[in-house]
Amino acid sequence: MNSVFEITVPVFGIGLLGYLATRLGLFSAQAGEGLARFVFDFAIPALLLRTFANADLPADMPLDLLASFYLPVAVFYLLGMLIASRLFDRPFAGQVITAFSFCYGNAVLLGLPLVLLTLGDAASLPYFILLSVHALSLFTVTTVLLEFSRHRESSVLKMIGGICLGLFKNPILLGIVIGLSLNYLDMPLTGAVDTLAGYMQNAVAACSLFALGVSMTKYRVAGQLGQSIAVIAAKNVGLPVCVYLSCTLLFDLSSHWTFVAVLMAAQPTGVNAYLFAERYRTAQALATTSVFLSTAFSLLTIPVILFFYQNGYF
């Protein structure tokens, strides 16, 4: 149990430090936005580029790992839309925000430093493989559905062009694509370039967790509590349980890969749910409340998962 605290206390402690520093006026929200942009636009893309460029990737994409995680994700996405429609009478755009909140976890700002501190760089490859599909799949599906809701009368080509441009401008996806391309061309990073990327990689854990703490000062319980509880039940508990069952019963993955998949599934609802809600002017109260409460509840669920892993239950 001590080892669980040794992992979780620094992770959540850095986030708490960022939260308290902002609340006490010692660190500005604007500075936090700049720090978050550094993490998203520079540090994490450099980490992903270096990881994929230098990794000893499997000859074939591990489809069993991807399927064990993304099949439950697809089910929960559809379930989120159904629950939002039937139980809470949400319009189509609100159903999409609910579905996204059910499935999209804070895999970068919280999950990435957590897995690096738990497993180290060398053992984190399955997490990076899952991460390489995470934003691409869920961002694309959610953007398409929300754009469809907004521009049902617009041309399909215009809609597709906007989506493709948005994905191309995503620095995290660019880091993954460039790293995989260098790996495929057998051009690993070396010398000063590798050292530079390594320095950027070392900044990810502390900076991302501190930025997460700063960002949490923006969120609060703002309404839609009943639906937010449904989001928490699905994202913090239901999805990790279903991913575990998928990994062990359907695909028979190793304990290490199962743990990585479950840990990623257990990440709280990501702040991008709020960003999507703000951008499309729909379900803002739901997204705000869900992000805040899901992150708070993960203080309980993530240590439990770490405890089970370290005691051989995976």
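**A walk through the predicted model**

Y19 is partly exposed, with a relative accessible area of 23%. The class follows from the cut-offs, because buried means under 20% relative accessible area, exposed over 50%, and partly exposed in between (1.4 Å probe, protein chains only). Y19 sits in helix α1. Helices (H or I, at least four residues) and strands (E, at least two) are DSSP runs, numbered from the N terminus.

This is a predicted model, in which local features need pLDDT of at least 70, side-chain atom pairs count only at pLDDT 80 or more, and totals for chains, interfaces and linings use all residues. Residues are numbered from 1 along each chain as its sequence is written, and side-chain values use heavy atoms, with hydrogens and water left out.

How confident is the predictor? The pLDDT (the predictor's confidence in each residue, from 0 to 100) averages 84 over the protein chain. A score of at least 70 is reached by 92% of the residues. Among the elements, helix α3 (residues 63–86) has the highest mean pLDDT, 95. Helix α7 (residues 156–168) has the lowest, 70.

Return to Y19. Y19 is in contact (heavy atoms within 4.5 Å) with G213, V214, M216 and T217, leaving aside neighbours within four places in sequence.

The elements giving two or more residues to the lining are α1 (2–23), α10 (204–215) and α14 (284–310). Helix α1 gives the largest share, 6 residues. The volume of the pocket is about 340 Å³.

The pocket and cavity terms need their rules. On a 1 Å grid over the protein atoms alone, a cavity is a set of points where a 1.4 Å probe fits but cannot get out; a pocket is an open set with protein on both sides within 12 Å along at least five of seven lines; lining residues have an atom within 4 Å of a point. Grid points are joined across faces, edges and corners, and a volume is the space filled by probe spheres set on the points.

What classes of residue line the second largest pocket? There are 11 nonpolar, 4 polar and no charged residues. Here Ala, Val, Leu, Ile, Met, Phe, Trp, Tyr, Cys and Pro count as nonpolar, Asp, Glu, Lys and Arg as charged, and the others, Gly among them, as polar.

A search of the whole structure finds 1 cavity of 30 Å³ or more. The largest cavity holds about 40 Å³. Its lining is F40, Y104, G105, N106, A107, V108, L109 and N272. Helix α5 (residues 107–119) gives the largest share, 3 residues. By class, 5 of the lining residues are nonpolar, 3 are polar and none is charged.

F100 is found in helix α4 (residues 92–103). It counts as buried, at 1% relative accessibility. F52 is another matter. It is 48 residues from F100 in sequence and 27 Å away in space, C-alpha to C-alpha.

Two threonines come next. T282 lies in the loop between α13 (272–280) and α14. With a relative accessible area of 10%, T282 is buried. Its contacts beyond four places in sequence are A93, G94, I97 and A277.

T258 has its place in helix α12 (residues 255–265). Is T258 buried or exposed? It is buried, with a relative accessible area of 1%. The T258 side chain reaches the backbone oxygen of S254 at 2.8 Å. Not counting residues up to four places away in sequence, T258 touches Y244, C247, T248, L253 and F314.

Finally, look at two loops. D252 is found in the loop between α11 (225–250) and α12. Its phi is near 55°, a positive value in a residue other than glycine. D252 counts as exposed, at 65% relative accessibility. D89 has its place in the loop between α3 and α4. D89 has a positive phi of about 55° although it is not a glycine. At 67% relative accessibility, D89 counts as exposed.

Note on methods: A polar contact is a pair of N or O atoms within 3.5 Å; within protein, one must be able to donate a hydrogen and the other to accept it, and residues adjacent in sequence count only if both atoms are side-chain atoms.
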